[in-house]
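Hi,

Here is the structure I promised to send over. Have a look at it first, then read on for what turned up.

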Amino acid sequence: MFTRRQLLTAATIAPAIGAPAILRAQSWFAGYPFALGVTSGDPAADGFVIWTKLAPKPFEPHGGMPMVPLPVKWEVSSDDRFKTIVATGEATARPELGHSVHVEVTGLQPDRPYWYRFALGSDQSSRGRARTLPLASASPAAMKFGVAGCQNYEDGYFTAFRHLAREDDLAFVYHYGDFIYEYKQRGPEYDKDGLPEAQVRQHVGQDCFDVADYRLRYAQYLSDYDLQAARAKHTWFSTFDDHEVENNWVGDHNWKDVPQDIFRLRRQAGLQVWYEYMPVRAALLPRNGIITDMYREARFGDLLSMDFLDTRSFRTQQPCDDGFKPYCPGIDDSKAQVISAQEENWLVGNMKRGQAKWNCVAQQVMMMSLDRRRYADEKAKIYNIDSWAAYTAQRNRLLGKMRGLDNVVVLTGDEHQNFAGLLDNGDKTVAVEFVSTSISSGGDGSDRRTGSDVMLKNNSELKFINDQRGYLVCEVTPDAWTTRARVMDQVSTPGGAISTRATMTVPRGQPSLQIS
């Protein structure tokens with residue numbers, strides 16, 4: 001509850017209104033305070049997080065907000081008309097966190113939808129829809145969820161998110177990261193004839209370095225109603241990759257060799273603002289400049305156990321000076337790691353519990369060790385150094401732990417293409433990996449990039465490749481895992497159409513791929 005001192009402090013922003021008028025928000029703000037929408041996330045069997053952020057002027061400093069904490073009311077209903085309110089309360093939108101609101105709702109029923117909304121005075125947010133998970137003791141017959149990420153505002157429209165919002169019966173959406181891109185406005189693109197042409201859209205602001213820069217960039221992305229629609233319709237499990245801070249950062253390192261003490265300040269700003277804008281629990285609030293608990297798990301009865309990884313915060317620096325490179329000895333460094341020893345032990349323990357029919361490893365960078373050559377005259381094998389392929393010791397260790405489970409599916413992003421393939425431990429396939437394409441990063445694309453046929457020929461474990469934008473929809477039953485690659489015909493203009501490019505099935509107990 002707010003004290004008289006807080007009300008009087010807030011009243012100084014608009015003296016003519018007087019302290020009691022803080023409760024009449026529409027006469028206070030110059031704009032709609034819920035302009036950046038609502039969303040939900042990190043579901044459990046008894047609840048979820050609901051999120052909003054007060055920003056009546058999203059592109060102005062502090063979102064146009066007074067620098068005081070404000071009370072925001074919230075309510076959760078069992079119906080979409082809010083006839084039956086099952087939970088309600090008041091949360092504090094604090095200026096230190098950009099007036100974001102993260103409410104951890106509990107006491108709800110498992111495995112069912114709910115609706116929620118917020119209010120500030122007489123201003124009311126749009127409604128959102130959330131869903132709880134099944135009980136750990138339940139035996140679901142099926143579940144369906146989405147996978148998405150890599151949404152560069154300058155590269156294309158977010159129409160795929162509106163299509164994702166229309167996907168029915170999704171239990172959740174897994175967002176693998178690259179929610180924003182930290183770059184300033186880029187120069188022109190070049191068409192097929194080498195002639196300059198404009199970007200589809202332009203970033204506002206400079207390269208992101210401090211909290212204000214990152215807040216402005218998220219505000220621009222969330223001003224897109226297609227993105228708002230997907231966030232309001234579905235419950236999200238959110239993780240981050242590199243562009244939430246800077247391209248290809250790992251641990252205390254960035255690719256420009258900025259001193260580590262200085263880079264930590266940028267990382268701290270980026271992760272703070274990621275937390276401010278994501279529907280995540282207070283456990284993911286950055287502490288001492290880093291999020292120590294981004295990796296976490298979720299259970300969907302005895303059907304699916306899902307482990308969400310952090311492949312950035314504790315990774316050792318990329319060998320070979322990063323990039324796409326031939327082999328260098330650092331690739332086989334026995335001490336190199338993508339995830340910390342603690343996270344590795346946690347993951348292996350979870351996979352070996354045997355309490356669910358399927359194990360899913362939801363993470364950010366490709367686990368398949370592909371030969372990246374795209375031209376027949378290239379001699380030496382090329383590695384993506386910013387992927388598991390450049391960390392062979394830990395990669396081989398993890399694949400060895402998957403041996404014999406025969407129920408592991410790895411979900412990945414980062415590549416701006418669809419890939420599907422097998423993960424082998426020596427002479428045995430131990431898991432299947434699906435790599436989701438981008439929402440917009442890379443522009444319209446085409447069915448396949450130049451050289452895709454060479455990649456398929458050089459990599460027997462690679463079974464599918466596609467270079468269109470879109471997302472994945474995964475449907476899981478006790479007997480099979482089916483992934484559909486949903487792709488856009490174009491993202492360079494609004495109104496692109498969605499279709500299913502491929503349907504890929506993994507039989508339980510037999511890590512293999514059937515593609516149609």
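First, a term: by a polar contact I mean a pair of N or O atoms within 3.5 Å, where within protein one must be able to donate a hydrogen and the other to accept it, and residues adjacent in sequence count only if both atoms are side-chain atoms. Bear in mind that this is a predicted model, so local features need pLDDT of at least 70 and side-chain atom pairs count only at pLDDT 80 or more, while totals for chains, interfaces and linings use all residues. Residues are numbered from 1 along each chain as its sequence is written, and side-chain values use heavy atoms, with hydrogens and water left out.

Let me start with Asp224. Its side chain makes a polar contact of 2.9 Å with the side chain of Arg201. Asp224 sits in the loop between helix 4 (211-222) and helix 5 (225-233); helices (H or I, at least four residues) and strands (E, at least two) are DSSP runs, numbered from the N terminus. At the start of helix 5, a side-chain oxygen of Asp224 also comes to within 2.8 Å of the backbone nitrogen of Asp226. With a relative accessible area of 9%, Asp224 is buried (under 20% relative accessible area; exposed is over 50%, partly exposed in between, with a 1.4 Å probe and protein chains only). Setting aside neighbours within four places in sequence, Asp224 is in contact (heavy atoms within 4.5 Å) with Phe158 and Arg201. Helix 5 is itself mostly covered, with seven of its nine residues buried, among them Leu227 and Arg231.

An open sheet of 10 strands runs in the order 5-2-1-13-10-9-24-25-26-27, with mixed pairing; two strands pair if DSSP finds at least two bridges between them. Strand 5 and strand 27 (514-515) are at the edges with a single partner strand each, so one side of each has no neighbour in the sheet.

Strand 2 (residues 47-53) is worth a click. Seven of its seven residues are buried, so the rest of the structure largely encloses it. Both faces are covered: Gly47, Val49, Trp51 and Lys53 lie on one side, and Phe48, Ile50 and Thr52 on the other. Strand 2 pairs with strand 1 (residues 38-44) in the antiparallel sense over five bridges, and these two form a hairpin with two residues between them. Six bridges join strand 2 to strand 5 (residues 100-105), again antiparallel, with Thr52 partnering Val101. Elsewhere in the sheet, strand 9 (residues 143-148) and strand 24 (residues 470-476) run antiparallel with five bridges, one of them pairing Val147 with Leu472.

On to packing. A nonpolar core here is a set of buried Ala, Val, Leu, Ile, Met, Phe, Trp, Tyr and Cys residues joined through side-chain atoms within 4.5 Å. The largest has 81 residues, and those with the most contacts inside it are Phe145, Trp274, Met306, Leu411, Phe434 and Trp481. Helix 6 (residues 260-277) supplies the largest share of this core, seven residues. Apart from it lies another core, of 35 residues, including Val348 and Ile465. Leu411, not counting residues up to four places away in sequence, touches residues including Phe145, Val147, Met306, Phe434 and Trp481.

Cheers
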